[in-house]
Amino acid sequence: MDIIGVIQLFGGIGFFLYGMSMMGSALKKLAGAGMQSILEKLTSGKSKIVGILKGWGLGTLVTGIIQSSSATTMMLIGFVNAGIMKLIQAVPVVFGANVGSTFTAQILRLGDLGSGTIILKLLKPSSFAPALIAIGALMHVFGKKKKTKDLSELLIGLGVLFLGMTAMEKVFEPLKEDASFQKLFVSFSNPIVGILVGIVLTAVIQSSSAAVGILQSLSVTGGITFATAVPFIIGQNIGKCATVILGGIGADKKAKRVAFTYLLFNILSCIIITAVVYGIYYTVGISWFSKAVNRGDIANVHLLFNLIPSLLFLPFTEPIAKLTGVILRDKDEEEESEVSEFKVLDDRLLEIPAVALRQSRDMVIKMFERVIENYNTAVGLLTDYDEKVFAELEKNEEFIDQCETVLSHYIISIEKKKLDDDGRREVSQLLSSISDIERMGDYAIKIAYIAKEKKESGIGFTDKGEAERLAVEGPVTQCINDTFRAFKNKDVVIASRIEVMKAVIDEMKDKAKAGHIERLETGECSIQAGVSLLDILNAYERICGHSENVAGNVIKRANLG
């Protein structure tokens, strides 16, 4: 092979890898948030067996769509690390992911079709690849809708994938008569050498589907036999674990166990297959081992080497999950040491925007719950001050402040991803609401500090002043609770009431302030107590103002939808 051949070979590999990436990306967009969040929605089923089979099937399906068992497993690591999914749910999905990774090889076997009739000629990749690219390009240029453009990317990606394979085959074809090339592949039939080559090549290009695709292209030379293909396919099943192992770094122990399950499954599968195949080969012998293989033979071997171990290990889902805990020294007890509440905002989930947004929304709801808890605590301290309760309130305030910082950063990161219209509306609403919710928390803590000062300074309100404060407090409490319900449930009906409530509360506050000023003028109330009461009334007003903003965001999103 001369320098021109080498350039053409790398060009073909580049086309192949780019086409595979483009096709996988387009499939994810076409499937939308439903596909992206399908793993997150896993449930146990009516029995353990149903749950396991469901997980296995979903792992197969999702990996078949996104064309990468590593990507599926990376999703699982993010889900488990964020607490969305339990480890026991993730294990059968890992097993299914390995089966789904064989779909690409089955598509590429189309290259084996004969060329006797015009129909068969058209079905060959070398014939329809240019047509797919041409149709996809026209759709991309003239298509207006997002779905049309996504479909165009799928067609172009598939066409480029086959174009790359055809280019590689053209480079490899002249090697049929090359004695040194034939000798090289005879050495690969050595199980140890073949497995090592499969491991290294797959780890380098980070795709088992691509590695098997290259092997399928090489089959055009006639130099690839079962003796060559089998150890290579065994090795690529180990090599594909490299990406997942790196992805597990920085995750918690439960998530690391997902990565380790993926590695353990593939290593054990390879050991079992190697022991069975070569145990038979070196004892009884396998007559067809020296037979040349085509693309379809390679696709079938690849499928069987993933399907059979997957089905064999499926009944042992729970023991394997426990084994990873023993090896990594992680307990399966429900009550574990407390971990950061922000782990649910895992950066790995940013690659699945629909799930990352759902996690963000859940965290905003938790933040809002803490604000309401602090508000109720603060108004309670006005009549019954307790230093221990005040300390708990301050801890809550620290969490609320952290929420604003962490959530804002995380949601902005989501915003940088490709989102659908609903996703963009969700991002806008969350970013707008976080600041208002945090400010409501600030005013709640302000009320608590007034209660602290009131206790320490011995300040007391007059009966009229306290009655007026309580009269305003009741509607304010209802306002903040209704706003929370509207936000949590995306309830426009409840949200629409907040503006009216805010107007009523403003009138009540103005009336209370007027009465208070009148008592100050007559000397009924002390100046210090008067300042404290005015500050509380202002805090109530501001809490309702920010509630109105949050409710407005709920209405705005609904109207845009």
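Lys 452 is buried at 18% relative accessible area, where buried means under 20%, exposed over 50% and partly exposed in between (1.4 Å probe, protein chains only). The model is predicted: local features need pLDDT of at least 70 and side-chain atom pairs pLDDT 80 or more, whereas totals for chains, interfaces and linings use all residues. Residues are numbered from 1 along each chain as its sequence is written, and side-chain values use heavy atoms, with hydrogens and water left out.

The structure holds 13 salt bridges, each defined by a side-chain nitrogen of Lys or Arg within 4 Å of a carboxyl oxygen of Asp or Glu. Among them are the following.

| Salt bridge | N to O distance |
|---|---|
| Glu 318 and Lys 322 | 3.7 Å |
| Lys 452 and Glu 387 | 3.2 Å |
| Glu 426 and Arg 557 | 2.1 Å |

Lys 452 belongs to helix H19 (residues 421-457) and Glu 387 to helix H18 (residues 387-415), so their pairing ties together parts 65 residues apart in sequence. Helices are DSSP runs (H or I, at least four residues), numbered from the N terminus. Glu 387 is partly exposed at 43% relative accessibility.

Glu 426 and Arg 557 are both buried. Glu 426 lies in helix H19 and Arg 557 in helix H22 (residues 527-560), 131 residues apart. Salt bridges with shared partners join Arg 361, Glu 426 and Arg 557 into one network.

Glu 318 and Lys 322, by contrast, are four residues apart in helix H16 (residues 317-327), a separation of about one helical turn. Glu 318 is partly exposed at 30% relative accessibility, and Lys 322 is partly exposed at 46%.

How values were computed. Helix = DSSP H or I, 4+ residues; strand = E, 2+ residues; numbered from the N terminus.
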